[in-house]
Amino acid sequence: MRAVSGGARPTASRGRAWRRWRGAAVVGLGALAVAVVIATTGPSAPAVTALVLLLAAAWLVSPLLYPRSPAWADALERSRATGAPIVLWKPGCAVSVRLRLALGPAGRRAVWVDAWADDDAMTELRRVNDGDETTPTALTAAGARTNPPPSWVRAQLP
């Protein structure tokens, strides 16, 4: 079930993309300003601390963390109601991050479930992958695909 299919990428309007990234961009510019201060005056503990905090804040307000992971039962209900695929992922999985980034704003229509955060989701992940915990794994009414291409996931979105 790992067939690769082609598909065109949807494009988001610039204004919509800017709204999604505005908070992260503003905080990121603040981090850049602190980095310039550090580079010109030499490292100081408060400046380095401010830089780290600003970078963490930029990451937290960016769309990279969203959508939030629902519980497995809630994900099943939402998927049945909307027809959206469920994508099982794990924090730190580079392939999952690549899929989320490749899908862009359209990826928010999928139901993203952190398999490490929910035992039932992990059980399902292992079941569809013959005992393996390989992520990302996309589940649809038609079946499951491990490491699905973004074009395939995009085609499954409502």
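What share of the 158 residues in the protein is buried? Buried residues make up 35% of them; buried stands for under 20% relative accessible area, exposed for over 50%, and partly exposed for values in between (1.4 Å probe, protein chains only). This is a predicted model, in which local features need pLDDT of at least 70 and side-chain atom pairs count only at pLDDT 80 or more, while totals for chains, interfaces and linings use all residues. Residues are numbered from 1 along each chain as its sequence is written, and side-chain values use heavy atoms, with hydrogens and water left out.

**Overall layout**

- The protein has six helices and four strands; helices (H or I, at least four residues) and strands (E, at least two) are DSSP runs, numbered from the N terminus.
- Read from the N terminus, the order of the elements is α-α-α-β-α-β-α-β-β-α.
- Of the contacts with a separation of 6 or more, 66% are between residues 24 or more positions apart; a contact is defined by heavy atoms within 4.5 Å.

**Nonpolar cores**

- A nonpolar core is a set of buried Ala, Val, Leu, Ile, Met, Phe, Trp, Tyr and Cys residues joined through side-chain atoms within 4.5 Å.
- The largest such core has 13 residues, and Trp72, Ile86, Leu88, Val111, Val113 and Leu139 have the most contacts inside it.
- At least two residues of this core come from each of helix 3 (72-82), strand 1 (86-89), strand 2 (111-114) and helix 5 (119-128).
- With three residues, helix 5 gives the most to this core.
- A second, separate core has 11 residues, among them Trp89, Ala138, Trp152 and Val153.
- Leucine 139 is in contact with Trp72, Pro85, Ile86, Leu88, Glu124, Val128 and Ala144, leaving aside neighbours within four places in sequence.

- Trp72, Ala75 and Ser79 are buried in helix 3.
- They lie on the same side of helix 3 because they cover an arc of only 55° around the axis, the arc being that of the directions from the helix axis to the C-beta atoms.
- An α-helix has 3.6 residues a turn, so residues three or four places apart point the same way.
- Ala73, Glu77, Arg80 and Ala81 are exposed on the other side of helix 3.
- The cover over the buried residues of helix 3 includes strand 1, strand 2, helix 5 and strand 3 (137-140).

**Backbone exceptions in the loops**

- Most residues other than glycine have a negative phi, and most peptide bonds are trans.
- The peptide bond from threonine 135 to proline 136 is cis, with omega near 0°, and proline 136 is in the loop between helix 5 and strand 3.
- Aspartate 130, in the loop between helix 5 and strand 3, is not a glycine but has a positive phi of about 55°.
- Aspartate 130 is exposed, at a relative accessible area of 74%.
- Asparagine 147 is not a glycine either, and has a positive phi of about 50°; its place is in the loop between strand 4 (143-146) and helix 6 (150-156).
- Asparagine 147 is partly exposed, at 32% relative accessibility.
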